[in-house]
Amino acid sequence: MLPILNDIISLFYPSYCYVCGKPLTKIEKLFCTDCLFNLPLTNNHLYKENETTSLFYGRANINYASSLFYYNKGSNYKVLLHNLKYKDKKEIGFELGKFLGLTIKESPYIKNIDYVVPVPLHKKKIQQRGYNQSSYIAKGIAEIIKTKINEKTLIRTIYTKTQTKKTKIERWKNVKEVFDINNNLFNNKHILLVDDVITTGATIEACVNIINKKSENTKITVTSLAIA
Ligand SMILES: [Zn+2]
């Protein structure tokens, strides 16, 4: 679309901050400057030891992990992830993915990624929801770090019900064997595994363990928009 046309349209249909609801200026995207400034960033990417990496100690063999921001029950920023996941707001994934991509580019602990790999959804869930939210985060990251996306190698073979109302043990059992590896493209590669939110880490753990079991010499770095 012509930039001018975009401006004219936004005159009639202003966008609003997803977090506080204020109208956005032309240069603001997704949220206003105040809400951007107050986003509770982890700065994980600047520290070799950080809470996202340590969540996987003794559970899954990864190279490194980082999340962009903190997220808890009462957080105003929860609405961003809810809109991304359930309300068709794919641009939240793409724009925040670019933001996350900038931190990855800047991190001394994440170098030479071969593939950006979104945590897969089952085919049936993609049909229901229309898209995989993590694919849009991966697209944003891939654009910034100039790397290919791979959505063919890691697949979800078993359809599972939503995780949100489950306990930690139930979640782990629920995802333990739902992923599989479809081809050998991960052999001798460094992959960046991308999720929207890391809560217990059970989903990532299941992905990492199947990759390590079935691919040869794969280095795995994990990243997510938020850590709960
Ligand atoms: Zn705002």
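## D88 and K90

D88 is partly exposed, at 45% relative accessible area. This is a predicted model. D88 pairs with K90 in a salt bridge. Their closest N and O atoms lie 3.0 Å apart. K90 is also partly exposed, at 24% relative accessibility.

## Salt bridges overall

Searching the whole structure turns up seven salt bridges. Two further pairs follow, one involving D34 and one involving K98.

## D34 and K22

D34 forms a salt bridge with K22. Here the closest N and O atoms are 3.4 Å apart. D34 sits in helix α2, residues 33-38. K22 sits in the loop between α1 (3-12) and α2.

D34 is partly exposed, with a relative accessible area of 48%. K22 is partly exposed, with a relative accessible area of 40%.

K98 makes a salt bridge with E95. The closest N and O atoms are 3.6 Å apart. Both residues belong to helix α5, residues 90-106. They are three residues apart there, so about one helical turn separates them.

K98 and E95 are both buried. Each therefore has under 20% relative accessible area. The pair is also part of a network: salt bridges link K29, E95 and K98.

Definitions and conventions: Residues numbered from 1 in each chain as written. Predicted model: local features only at pLDDT ≥ 70, side-chain atom pairs only at ≥ 80, totals over all residues. Heavy atoms only, no water. Salt bridge = Lys/Arg side-chain N within 4 Å of Asp/Glu carboxyl O. Helix = DSSP H or I, 4+ residues; strand = E, 2+ residues; numbered from the N terminus. Buried < 20%, exposed > 50% of the residue type's maximum accessible area, 1.4 Å probe, protein only.
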